[in-house]
Amino acid sequence: MKALFANGDFFKSSTFIKISAFLFISLAFFYFGKHWSDGFQQHLIFFNSRQNPLFPSQTPPSISLSPNHNKSFDLSSIINNTTTAAQTLTSIPPPSNPEQPPPSRPPPPPEVRRFGIVDENGTMTDDFEVGDFDPGVEENWGSENKTEVVEARAVVKKFRRCEKSMREYIPCLDNVEAIRRLNSTEKGERFERHCPEKGKGLNCLVPAPKGYRTPIPWPRSRDEVWFSNVPHARLVEDKGGQNWISIDKDKFKFPGGGTQFIHGADQYLDQISKMVPDIAFGQHTRVAMDVGCGVASFGAYLLSRNVLTMSVAPKDVHENQVQFALERGVPAMVAALATRRLLYPSQAFDLIHCSRCRINWTRDDGILLLEVNRVLRAGGYFAWAAQPVYKHEPLLEEQWEEMVNLTSRLCWNLVKKEGYIAIWQKPSNNNCYLSRKAGTQPPLCDSEDDPDNVWYVDLKACITRLPDDGAGSNVTTGPARLHNPPDRLQSIQMDAYISRRELFRAESKYWSEIIGSYVRVLRWKSYKLRNVLDMRAGFGGFAAALIEHQLDCWVLNVVPVSGPNTLPVIYDRGLLGVLHDWCEPFDTYPRTYDLLHAAGLFSVERKRCNVSSIMLEMDRILRPGGRVYIRDSVGVMDELQEIGKAMGWHVSLRDTSEGPHASYRILTAEKH
């Protein structure tokens with residue numbers, strides 16, 4: 001190395017040249033960078049959105065250059081003397097030369113309109129706008145339905161108690177004003193639905209009779225009920241000699257007899273089974289209807305044979321017979337065969353029974369028996385126990401001949417006539433109807449006629465056609481019928497086709513799991529439920545789950561007119577149901593159900609019905625001590641809770657199994 005420096009070869013070496021070049025380039029970049037920065041005069045820019053508290057209107061948001069540009073300061077003195085510096089800056093006088101123009105500033109940006117609580121700098125502020133006022137909001141506020149008001153936490157006033165005279169009030173059957181305006185009542189029109197006009201419906205709480213007691217539980221209730229719960233003794237006076245009903249101290253007793261089966265319903269049912277073994281109670285016959293049911297002893301004793309019976313009777317001179325049936329814990333409804341279709345689907349019942357039901361089946365070309373034919377399942381049986389069957393008097397013999405003639409034209413087969421009972425069987429297909437002579441009356445109904453369309457539909461003097469594919473007649477027998485998807489599932493008018501069986505099974509599984517949790521967690525078996533009403537039944541999965549979990553109760557499955565008519569599926573499963581519009585009152589007596597269940601009902605019906613009216617109707621038909629379970633969207637729960645409290649219910653809200661953030665909640669209530 002010394003030799004290299006000694007002879008001057010170092011300055012000629014490549015290493016020296018590289019070092020020199022690096023230093024030269026570095027100095028050049030430093031010089032040009034500084035010169036470029038100074039020439040462009042980049043300054044510190046301040047954005048100001050704060051207002052002068054003294055002149056807020058004169059200080060819009062602005063942008064300015066730092067006044068301390070190109071100045072140097074002692075940072076420590078600035079930090080320690082901020083207050084003094086601020087006062088000094090405030091006291092600086094204006095320039096002495098007024099003609100000197102102010103320093104040029106860039107124009108301010110357009111003012112930012114804020115619609116929240118964060119300004120354009122991302123800073124929380126109290127100075128914000130809420131948008132333009134829409135006058136339509138105020139104008140339309142009053143036209144919104146009650147749900148919107150209650151969601152705004154409006155308080156519902158406490159409902160008053162109705163007069164004592166309304167203890168047995170059924171709104172659509174006790175509308176005296178509408179009945180008086182009827183043009184005719186000779187065909188039983190006064191026993192049909194005549195609901196109050198809008199604004200004149202029930203607006204109070206129907207009271208219980210004096211001395212009302214908790215109903216006697218099933219199965220004891222089949223044989224006795226408290227007198228004070230249904231305090232009407234006229235039926236005892238009229239039918240006491242026929243073994244219907246008697247009074248024993250503070251109870252009504254039901255010996256199990258009837259007008260045509262004085263010796264008891266059990267013996268009567270045994271006789272029917274011997275006459276036609278194919279009726280097979282509990283196997284082939286799972287669902288029956290008893291027309292003119294009295295106190296429903298026929299249906300009460302069929303329950304022990306695994307048959308559900310819809311016992312129907314009008315609200316006529318035999319006062320409160322359906323109320324007695326429901327107090328006993330037997331399925332029953334107030335209904336009349338008059339001028340309109342019954343609220344049941346076609347091919348609903350495996351057996352229809354009439355024992356001295358006081359109906360003239362052959363009047364008006366047999367239009368009433370044609371209605372029975374509509375609701376009777378293909379291959380089903382009609383049992384008639386009446387005087388024309390066994391008495392040999394001219395008038396009665398004439399009535400019998402008329403009945404035989406009519407049933408033969410309906411292609412019914414007289415299977416057996418024995419004693420005072422005659423039993424016919426309906427054909428299982430249309431072959432007989434199509435082979436009749438031309439002009440035979442009554443005719444077949446038009447192919448466009450929907451036999452399941454029943455809401456306020458007049459009776460039709462024609463024979464209901466049977467499906468060509470045999471749907472309705474080929475249902476599964478025995479208990480397995482409850483779980484097998486029936487063929488008529490495909491005929492339901494709904495937004496699904498291929499997946500319907502999957503929907504059917506999914507609904508059954510869904511309710512089975514839910515009822516299982518109710519039984520385990522909420523101890524439903526301890527409630528002693530008997531009469532249950534499912535207000536939006538779907539395919540009947542809720543009722544099927546109650547049977548599966550062995551709760552000793554029966555369910556009336558209500559299918560609202562606002563949704564798909566799934567009643568054919570419900571009856572094909574061996575369950576009971578009825579079509580109804582919840583914008584109108586229900587045809588049953590007050591205090592007849594232990595449990596009212598509504599899943600997804602109010603979020604649908606609130607769009608077309610008055611929610612308070614539905615809730616008042618629920619209170620009317622619910623027994624004191626009865627329970628309500630409403631499973632619905634969160635959006636309707638506030639209103640339902642307020643109305644429930646206004647009716648005196650003990651109300652509570654529960655989360656579903658999906659947790660507190662689910663879109664559905666459960667409202668439970670108990671009527672005191």
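Reader: What covers the buried residues of α17?

Author: In this predicted model, the cover over the buried residues of α17 includes α16, β13 (531-534), β14 (554-560) and β16 (593-599).

Reader: What makes α17 count as mostly covered?

Author: A residue is called buried when its relative accessible area is under 20%, and 6 of the 8 residues of α17 are buried, namely Gly 541, Phe 542, Ala 543, Ala 544, Ala 545 and Leu 546.

Reader: Why is α16 called oblique to α17?

Author: The axes of helix α16 (residues 500-521) and helix α17 (residues 541-548) come within 8 Å and cross at roughly 50°. Because angles under 35 degrees count as roughly parallel and those of 65 to 115 as roughly perpendicular, with oblique kept for the rest, α16 is oblique to α17. The crossing in which α16 passes α17 is right-handed.

Reader: Which residues of α16 and α17 meet?

Author: From α16, Glu 507, Trp 511, Ser 512 and Ile 515 meet Gly 541, Phe 542, Ala 545, Leu 546 and Glu 548 of α17. By class, this contact of α16 with α17 has 5 nonpolar, 2 polar and 2 charged residues.

Reader: Which members of the largest nonpolar core touch the most other members?

Author: Of the 142 residues in that core, they are Tyr 344, Trp 361, Phe 382, Trp 524 and Phe 602. A second, separate core has 10 residues, among them Val 225, Leu 235, Ile 245 and Phe 252.

Technical notes: Residues numbered from 1 in each chain as written. Predicted model: local features only at pLDDT ≥ 70, side-chain atom pairs only at ≥ 80, totals over all residues. Heavy atoms only, no water. Axes fitted to C-alpha atoms, helices over the stretch in contact; angles between N-to-C directions. Helix = DSSP H or I, 4+ residues; strand = E, 2+ residues; numbered from the N terminus. Parallel < 35°, antiparallel > 145°, perpendicular 65-115°, else oblique. Left-handed = near helix turned anticlockwise from the far one by under 90°. Contact = heavy atoms within 4.5 Å. Nonpolar A, V, L, I, M, F, W, Y, C, P; charged D, E, K, R; others polar. Core = buried A, V, L, I, M, F, W, Y, C linked by side-chain atoms within 4.5 Å. Buried < 20%, exposed > 50% of the residue type's maximum accessible area, 1.4 Å probe, protein only.
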